[in-house]
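Here are my notes on the charged side chains. Please read them with the structure open.

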Amino acid sequence: MSEPDTFILTLLREIRAEIANTKTEVAESRRETRAGFESVNKKIESLKQAMHGESVLGRYASAEFEDRIEAIEKRLEKLEKGH
């Protein structure tokens, strides 16, 4: 082979090696990005569940308060009717 052909083949091999290296780096970066998104999604889901739990507890507390107010109102009604 002539010198220019050898030089071109050498350059092509180097380019292929760089392309392969870049593909590997991109694939690793994508895996890391996916893992990061999965982590964030899990945290968001956990927060949603916590907020839902607090919301349910709030509704129970509110319902209990409403029941107590209603009971007081009924007692007042009975007192007003009695006098």
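1. Arg31 has a relative accessibility of 46%, so Arg31 counts as partly exposed; buried means under 20% relative accessible area, exposed over 50%, and partly exposed in between (1.4 Å probe, protein chains only). This is a predicted model, in which local features need pLDDT of at least 70 and side-chain atom pairs count only at pLDDT 80 or more, while totals for chains, interfaces and linings use all residues. Residues are numbered from 1 along each chain as its sequence is written, and side-chain values use heavy atoms, with hydrogens and water left out.

2. Arg31 forms a salt bridge with Glu28, with 3.0 Å between the closest N and O atoms. A salt bridge is a side-chain nitrogen of Lys or Arg within 4 Å of a carboxyl oxygen of Asp or Glu. Glu28 is partly exposed, at 35% relative accessibility.

3. Both Arg31 and Glu28 belong to helix α1 (residues 3-82), where they are 3 residues apart, about one turn of the helix. Helices (H or I, at least four residues) are DSSP runs, numbered from the N terminus.

4. How many salt bridges does the structure hold? There are 2. Besides the pair above, Glu70 forms a salt bridge with Lys74, and their closest N and O atoms are 3.4 Å apart.

5. Glu70 and Lys74 are 4 residues apart in helix α1, so about one helical turn separates them. Glu70 is partly exposed, with a relative accessible area of 40%; Lys74 is partly exposed too, at 48%.

6. Glu66 is also placed in helix α1. Its relative accessible area is 46%, so Glu66 is partly exposed.

How values were computed:
Helices (H or I, at least four residues) and strands (E, at least two) are DSSP runs, numbered from the N terminus.
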